[in-house]
Amino acid sequence: MGKRITYEKVVNFFYQCTDLILVSILWMIGCIPIVTSGASTVALYYTVNKCIRHGRGKTWSCFWQSFRQNLKQSVLITLGFLAAVVVFASDYRYMNTLGETSSGYANFAIFFEVLIFLLCIYAFWVFAHIARFEGTIKVHLKNAFLFAILHLHITIAVAVIGMGSVMLIMAVWPVLFIVPGLSVFCMNLFTEKVFRKYMREEDKAMEDELNLDYRDDYVGKGLEQMREQRRERQRRRKKSKKRVE
């Protein structure tokens with residue numbers, strides 16, 4: 001039994017690595033029109049959390065389903081972030097040019113560089129929030145800002161992972177085909193601790209039930225028993241949905 005579980009964990013690890021490569025490629029494709037980069041990031045987070053971490057669904061279908069559902073809202077938010085980045089980048093370039101003659105201007109250039117970095121971290125919180133919760137653009141922006149401030153240690157962890165990922169890609173560019181998915185996987189381990197604090201108990205219970213790993217929880221059980229267990233879980237989910245409706 002122990003050998004079987006170990007073997008299945010090894011196989012599951014390689015499946016996850018394959019899915020991380022696939023979702024990273026899908027994310028890059030989704031970012032080709034830069035205005036859809038936000039929707040692509042939402043889909044990346046959604047797919048990593050649902051499919052790769054918890055084995056619910058197929059990577060390809062999960063990614064494009066989330067991409068389509070959140071496209072309109074994400075594009076509007078992305079346009080706002082892009083406008084801010086253009087303004088900060090222009091100021092940075094201008095101050096950097098003036099900094100050649102005065103160190104004071106160089107400090108201002110660094111200030112705008114830091115602002116761009118912080119904006120990217122905030123953008124990640126916003127798109128992760130969209131992937132996990134429903135709401136208006138105002139709600140996503142407000143809650144993401146509050147999460148980033150109230151859980152500063154998580155924000156720092158996300159920033160460190162993001163910086164490390166960028167540096168790794170710059171040093172060894174072929175890792176670009178797995179680092180986007182892997183970095184969000186690592187960030188997800190931290191941000192989910194925050195998101196789950198603000199979920200209703202019934203929603204958490206339902207999600208925990210959905211996240212039960214079929215292979216780990218039912219190793220050694222008969223096929224018929226497995227099917228019965230799954231049917232029972234489906235009946236419970238249907239009843240829960242009816243109560244919500």
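**Entry 1**

I began with Trp125, which touches Ala144, Phe147, Ala148, Ile154, Thr155, Thr191, Val194 and Phe195, not counting residues up to four places away in sequence. Contact here means heavy atoms within 4.5 Å. A note on what I am reading: this is a predicted model, where local features need pLDDT of at least 70 and side-chain atom pairs count only at pLDDT 80 or more, while totals for chains, interfaces and linings use all residues. Residues are numbered from 1 along each chain as its sequence is written, and side-chain values use heavy atoms, with hydrogens and water left out.

Next I looked up the largest nonpolar core. It has 43 residues, and Phe63, Phe81 and Trp125 touch the most other members. I took a nonpolar core as a set of buried Ala, Val, Leu, Ile, Met, Phe, Trp, Tyr and Cys residues joined through side-chain atoms within 4.5 Å. Buried means under 20% relative accessible area, exposed over 50%, and partly exposed in between (1.4 Å probe, protein chains only). Which helices each supply at least two residues of this core? I found α1 (2-30), α2, α3, α4 (71-98), α5, α6, α7 (152-171) and α8 (179-195). The largest share, 11 residues, comes from α5.

**Entry 1: the whole chain**

I checked the secondary structure of the protein chain: 11 helices and zero strands. Helices (H or I, at least four residues) and strands (E, at least two) are DSSP runs, numbered from the N terminus. Buried residues make up 38% of the 245 residues in the chain. I then looked at contacts between residues at least 6 apart in sequence; 68% of these join residues at least 24 apart. The chain exposes about 15,000 Å², and carbon and sulfur atoms supply 65% of that area. Accessible areas come from the Shrake-Rupley method with a 1.4 Å probe; for residues, only the protein chains shown count as cover.

**Entry 2: aromatic pairs**

I found 17 aromatic pairs in the structure. Rings of Phe, Tyr and Trp (its six-membered ring) pair if their centres lie within 6.5 Å; planes under 30 degrees apart count as stacked, over 60 as edge-to-face and the rest as tilted. How are the rings of Phe13 and Phe14 arranged? Their centres are 5.6 Å apart and their planes are at 75°, so the pair is edge-to-face. Phe13 is partly exposed, at 47% relative accessible area. Phe14 is exposed, at 52%.

I moved on to Tyr122 and Phe145. Their ring centres are 6.2 Å apart with planes at 90°, so this pair is edge-to-face. Tyr122 lies in helix α5 (residues 103-132) and Phe145 in helix α6 (residues 137-150), so the pair ties together parts that are 23 residues apart in sequence. Phe145 is partly exposed, at 46%.

I also noted a cluster. Ring pairs link Tyr45, Phe124, Trp125, Phe133, Phe147, Phe195 and Tyr198.

**Entry 3: cysteines**

I looked for disulfides and found one. Cys51 and Cys62 form it, with their sulfur atoms 2.4 Å apart; the cut-off is a pair of cysteine sulfur atoms within 2.5 Å. Is this disulfide left-handed or right-handed? The torsion about the S-S bond is about -80°, so the disulfide is left-handed. It links distant parts of the chain: Cys51 in helix α2 (residues 37-52) and Cys62 in helix α3 (residues 59-69), 11 residues apart. Cys51 is buried at 6% relative accessible area. Cys62 is buried at 3%.

Cys120 is partly exposed at 47%, and Cys186 is partly exposed at 29%.

I looked up Ser40, placed in helix α2. Buried or exposed? Ser40 counts as buried, at 0% relative accessibility. Not counting residues up to four places away in sequence, Ser40 touches Leu26, Trp27, Gly30, Cys31, Phe63 and Phe67.

Asn49 is in helix α2 and buried at 6%. Leaving aside neighbours within four places in sequence, Asn49 is in contact with His54, Arg132, Asn188 and Glu192. A polar contact of 3.2 Å joins their side chains. Such a contact is a pair of N or O atoms within 3.5 Å; within protein, one must be able to donate a hydrogen and the other to accept it, and residues adjacent in sequence count only if both atoms are side-chain atoms.

Last, I checked Gln65 in helix α3. Gln65 is partly exposed at 31%.
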